[in-house]
Amino acid sequence: MFTTSDFKKGLVIQLDGAPCLILDVTFQSPSARGANTMVKTRYRNLITSQVLDKTFRSGDKVDEADYGRNKGQFLYADGAKGVFMDLGTYEQFEVDEEAFEALAPFLLEGTEVVLGLFEGRLVNVELPMTVELVVTETAPVLKNATATAQTKEAILETGLKLQVPPYLATGEKIKVDTRDGRFISRA
């Protein structure tokens with residue numbers, strides 16, 4: 001059991017039978033005498049991916065979720081689904097096409113990820129902050145181009161399309177931010 005004083009960003013609690021990741025916590029002091037401190041939280045339901053707000057009174061108790069973060073690896077794409085393996089137990093998990101669609105542009109076979117398991121079931125896949133991918137198609141290199149002048153579209157080996165500086169050529173390896181899918185630098 002957790003009390004509201006234990007709440008912090010990144011904590012996983014159980015609300016309404018589902019694991020919920022706390023994204024933000026604010027403590028609001030009462031304005032009236034004898035009133036309880038209010039604890040406002042913003043959390044993500046890890047099963048439905050909904051982001052919700054909830055206010056608790058100081059001292060309220062919530063259940064700890066049976067949630068674990070394990071090192072994992074992307075094995076392969078099976079049609080529109082993805083197959084991941086827990087590196088500790090070698091157990092394999094399949095991610096449905098709806099959830100895998102958002103992950104696929106950043107995954108190559110063997111990419112290490114963090115698997116979020118709730119009651120032995122895969123509910124969340126955390127990508128690394130950056131991945132290195134090869135540019136497979138882009139416009140020719142522009143002579144005397146600077147990094148800040150303009151951008152051009154590139155297609156990467158996973159099919160991801162993004163804007164890159166004009167000095168990049170086909171075949172170069174680049175770093176990509178997995179949070180927003182933008183170019184960071186050459187690898």
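Visitor: D177 then, buried or exposed?
Guide: D177 is buried, because its relative accessible area is 2% and the cut-off for buried is under 20% (exposed is over 50%, partly exposed lies in between, with a 1.4 Å probe and protein chains only). Keep in mind that this is a predicted model, where local features need pLDDT of at least 70, side-chain atom pairs count only at pLDDT 80 or more, and totals for chains, interfaces and linings use all residues. Residues are numbered from 1 along each chain as its sequence is written, and side-chain values use heavy atoms, with hydrogens and water left out.

Visitor: Which residue forms a salt bridge with D177?
Guide: R179, with the closest N and O atoms 2.9 Å apart. A salt bridge here is a side-chain nitrogen of Lys or Arg within 4 Å of a carboxyl oxygen of Asp or Glu. R179 itself counts as exposed, because its relative accessibility is 60%.

Visitor: How many salt bridges does the structure hold?
Guide: The count is 7. One of them joins the side chains of R42 and D53, at 2.8 Å from N to O. R42 is in strand β4 (residues 38–45) and D53 in strand β5 (residues 51–57), so this pair ties together parts 11 residues apart in sequence. Strands are DSSP runs of E with at least two residues, helices are runs of H or I with at least four, and both are numbered from the N terminus.

Visitor: And R42 and D53, how exposed are they?
Guide: R42 is partly exposed, with a relative accessible area of 40%. D53 counts as exposed, at 52%.

Visitor: Switching to strands. What does β15 pair with?
Guide: β15 (residues 173–177) pairs with β12 (residues 130–138) in the antiparallel sense over 5 bridges. It is also joined by 4 bridges to β16 (residues 182–186), again antiparallel. Strands count as paired if DSSP finds at least two bridges between them.

Visitor: Which residues are the bridge partners of I174?
Guide: L133 has I174 as its bridge partner in β15, and in β16 the partner of I174 is R186.

Visitor: What about the turn between β15 and β16?
Guide: That hairpin has 4 residues between the strands, and G181 takes a positive phi near 70° there.

Visitor: How many residues are in the largest nonpolar core?
Guide: It has 13 residues, and those with the most contacts inside it are L156, L160, L162, V164, I174, V176 and F183. The term covers buried Ala, Val, Leu, Ile, Met, Phe, Trp, Tyr and Cys residues joined through side-chain atoms within 4.5 Å.

Visitor: Which elements supply it?
Guide: β12, β13 (152–156), β14 (161–164) and β15 give two or more residues each, and β12 gives the most, with 3 residues.

Visitor: What does L162 touch?
Guide: Setting aside neighbours within four places in sequence, L162 is in contact (heavy atoms within 4.5 Å) with K152, E153, A154, L156, V176, G181, R182 and F183.

Visitor: Now the rings. How many aromatic pairs?
Guide: There are 3. Rings of Phe, Tyr and Trp (its six-membered ring) pair if their centres lie within 6.5 Å; planes under 30 degrees apart count as stacked, over 60 as edge-to-face and the rest as tilted. F74 and F84 have ring centres 5.3 Å apart and planes at 55°, so that pair is tilted. It links distant parts of the chain, F74 in strand β7 (residues 67–78) and F84 in strand β8 (residues 81–86), 10 residues apart.

Visitor: And how does F74 sit against F100?
Guide: That pair is stacked, at 5.7 Å centre to centre and 25° between the planes. F100 is in helix α1 (residues 97–103), 26 residues from F74. Ring pairs link F74, F84 and F100 into a cluster. F74 and F84 are buried, and F100 is buried as well.

Visitor: Last one, where is L122?
Guide: L122 is in strand β11 (residues 121–126) and counts as buried at 18% relative accessibility. Its C-alpha atom is 7.9 Å from that of V95, which is 27 residues away along the chain. Beyond neighbours within four places in sequence, L122 is in contact with F93, V95, L115, G116 and L117.
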